[in-house]
Amino acid sequence: MTPDTMPKTDKDMASGGAIVLALHAGTPHIGEQIDSFLAQTVRDWILVVSNDGPDDGALAKIESARQGFQNGLIVTSRKSYGFADNFLSALADVPEEVEWVALSDQDDVWLPQKLSRAVEALRRTPHDQPALYAASRLLWDPRTNKTWPTQISTSRGPSFANALVENVAPGNTIVFNRAALNILKPLAKDARRVFAHDWWIYQILTGVGSAVTIDAEPVVLYRQHGGNLIGETQSIVALIRRKWRALMGDFSRNMSLQLAALEPARHILTPENQRILEAFVSARAQKNPLLRLYRLMKSGAHRQSAAAHLSLLIAALLGKI
């Protein structure tokens, strides 16, 4: 590492938790996000910042709030392959002693109870069992301060069979425990080109049999603006656009990236989840549409809602999985 890429830290040891913030030219909104960290009812955490963008003043804003970070600050500047790689690379900087890790985008606002709800849920699981927490969020238009809820469908429950084809763990709500960190850390370097880091985390942790909590209570104001890399909107136009991109092959390409990142972890999946993965990969390889659909259904891979699962079956028939 060169001097400007070496981690800078206040503490060599960290108790409590870690907030991992992926930073890229974050000046416009980083102040509000940092303020929301400091307003958390849980204060026992270290802030780990992974900066892969130009120095636009965001780091100075973070540094100015250093005194409020009870367990200190770690900053690493690095080059990455994008936001997903930036998050996964940052896991290497997280002290091994932390009890939990929370992921944060640079432009949202956390509600004050976010960390307390996550920590409470994680502590229901034995400390040596990996556990994942995720939650609902409020879509937020800061121009009007209007918010509207977005519900996560979990009618069929979180599982690896679901995680293979759908992500119900939004990255800006994710918190996981130390046992999960110990699994993810050594695998992260082989997942650098993954499409979505949060989807990969949901896949890996369900794959090894982790406890998963999906909280229906919103814990984040999810800022809606033109710079969202993977945005969310309720408009009909946006829904049609997403379905069209799936028909054009976006889902299939993203699925290939996720599966490539899963491959190095295949050996640590539970036997049943290894079977599901093998069956799903076999289904994708079938040239015959009906055989492809049959193999997909036999694999057990599924989405949560009936409508979403139907769209998966149609995609299988069309060869777009």
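Buried means under 20% relative accessible area, exposed over 50%, and partly exposed in between, with a 1.4 Å probe and protein chains only. The structure is a predicted model, in which local features need pLDDT of at least 70, side-chain atom pairs count only at pLDDT 80 or more, and totals for chains, interfaces and linings use all residues. Residues are numbered from 1 along each chain as its sequence is written, and side-chain values use heavy atoms, with hydrogens and water left out.

**Confidence**

The pLDDT is the predictor's confidence in each residue, from 0 to 100. The protein chain averages a pLDDT of 90, and 88% of the residues score at least 70. Over residues 1-14 the pLDDT is below 50, although this stretch has 27 contacts in the model beyond near neighbours in sequence. Contact here means heavy atoms within 4.5 Å. Where pLDDT is low, the predicted coordinates should not be read in detail.

**The sheet**

Helices (H or I, at least four residues) and strands (E, at least two) are DSSP runs, numbered from the N terminus. Two strands pair if DSSP finds at least two bridges between them. Four strands form an open sheet with mixed pairing, in the order β6-β12-β8-β9. Its edge strands, each pairing on one side only, are β6 (109-110) and β9 (146-150).

Strand β12 runs parallel to β8, joined by three bridges; Tyr222 in β12 is the bridge partner of Leu139.

Strand β8 (residues 137-141) has five of its five residues buried, so it is largely enclosed by the rest of the structure. In a regular strand the side chains alternate between the two faces of the sheet. In β8, Arg137, Leu139 and Asp141 point one way, Leu138 and Trp140 point the other way, and all are buried.

**Positive phi in loops**

The hairpin of β8 and β9 has four residues between the strands, and Asn145 sits in the turn. Asn145 is a residue other than glycine with a positive phi, and so is Ala25. The loop position of Asn145 is between β8 and β9, while Ala25 is found between β2 and α1 (27-38). Asn145 counts as exposed because its relative accessibility is 55%, whereas Ala25, at 31%, counts as partly exposed.

| Residue | Phi | Relative accessibility |
|---|---|---|
| Ala25 | near 45° | 31% |
| Asn145 | near 60° | 55% |

A further positive phi, near 90°, belongs to Gly209, which follows α7.

**Buried helices**

Helix α3 (residues 83-90) has seven of its eight residues buried, so it is largely enclosed by the rest of the structure. The buried residues are Ala84, Asp85, Asn86, Phe87, Leu88, Ser89 and Ala90. They pack against β2 (17-23), β3 (45-51), β5 (100-104), α6 and α7 (197-207).

Helix α7 is itself mostly covered, with eleven of its eleven residues buried. Among them are His197, Asp198, Trp199, Trp200, Tyr202 and Gln203.

**Ala301**

Ala301 lies in the loop between α11 (289-299) and α12 (306-317). Its relative accessibility is 4%, so Ala301 counts as buried. Not counting residues up to four places away in sequence, Ala301 touches Ala161, Val165, Phe280, Leu296, His309 and Leu312. Ala301 and Ile276 are 25 residues apart in sequence and 7.2 Å apart in space, C-alpha to C-alpha.

**The second largest pocket**

On a 1 Å grid over the protein atoms alone, a pocket is an open set of points where a 1.4 Å probe fits, with protein on both sides within 12 Å along at least five of seven lines; lining residues have an atom within 4 Å of a point. The second largest pocket holds about 200 Å³ of space, the volume being the space filled by probe spheres set on the points.

The lining residues include Glu99, Trp100, Arg123, His127, Asn177 and Arg178. Helices α4 (114-122) and α6 (178-188) each supply at least two residues of this lining, and α6 gives the most, with three. By class, the lining has four nonpolar, four polar and three charged residues. Ala, Val, Leu, Ile, Met, Phe, Trp, Tyr, Cys and Pro count as nonpolar, Asp, Glu, Lys and Arg as charged, and the others, Gly among them, as polar.
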